[in-house]
Amino acid sequence: MTQTSENVTWLTQEAYNKLKDELEYLTGPARTEIAAKIAAAREEGDLRENGGYHAAKEEQGKQELRVRQLTQLLESAKVGEAPAADGAVAPGMVVTIAFDGDEDDTLTFLLASREYASSDIETYSPQSPLGAGVIGHKIGEDAEYELPNGKKASVRILKAKPYTG
């Protein structure tokens, strides 16, 4: 099966390991815990008016959704090194842009998926309008992306360097 760059999530080895550990916990000990909660609540009697049972079932649903998300993410993930520092914008890079070429109106962000996000820097997905608009452009180039209202916005790439965490 060939994968396009649109459905691949690039992760560092550290991020991949963290997500894999979370998946192993959710499919092992966490499933056992939630099954025990459901069984205990079921023994309390009438399920129609059993708040503990309904809360446990809801928690189980959220947990299983996260298991599916993690499974899908890890199946499409590529573990690799940071992108080359060649000045071209790519996922895994910290990018500084100037809106409409105005170097006083700038934004610096990490171009990465949510799982790669850091609390230290704002993160934009490569699939977001801004992210998709700047990918492949080099420092000094102008890029365009579509705003939610359908209008186009222009930015100039000021910096693009690999994220070092």
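Leucine 111 stands opposite tyrosine 124 in strand β5 of this predicted model. Strand β4 (residues 106-111) is joined to strand β3 (residues 93-99) in the antiparallel sense, and β4 pairs with β5 (residues 123-124) in the parallel sense. Strands pair if DSSP finds at least two bridges between them; strands (E, at least two residues) and helices (H or I, at least four) are DSSP runs numbered from the N terminus. Isoleucine 97 has leucine 107 of β4 as its bridge partner.

| Strand pair | Sense | Bridges |
|---|---|---|
| β3 and β4 | antiparallel | 6 bridges |
| β4 and β5 | parallel | 2 bridges |

Helix α1 (residues 13-27) packs with helix α3 (residues 51-76) at an angle of about 145 degrees, the axes lying 10 Å apart. Axes are lines fitted to C-alpha atoms over the stretch in contact, and angles between N-to-C directions run from 0 to 180 degrees. The contact (heavy atoms within 4.5 Å) includes Tyr16, Leu19 and Leu23 of α1 and Val67, Leu70 and Leu74 of α3.

Confidence is expressed as pLDDT, the predictor's confidence in each residue, from 0 to 100. The chain has a mean pLDDT of 83, with 84% of its residues at 70 or more. Strand β1 (residues 9-11) has the lowest confidence, at a mean of 69, and strand β6 (residues 142-146) the highest, at 93. Over residues 1-5 the pLDDT is below 50.

Residues are numbered from 1 along each chain as its sequence is written, and side-chain values use heavy atoms, leaving out hydrogens and water. Local features need pLDDT of at least 70 and side-chain atom pairs count only at pLDDT 80 or more, whereas totals for chains, interfaces and linings use all residues.
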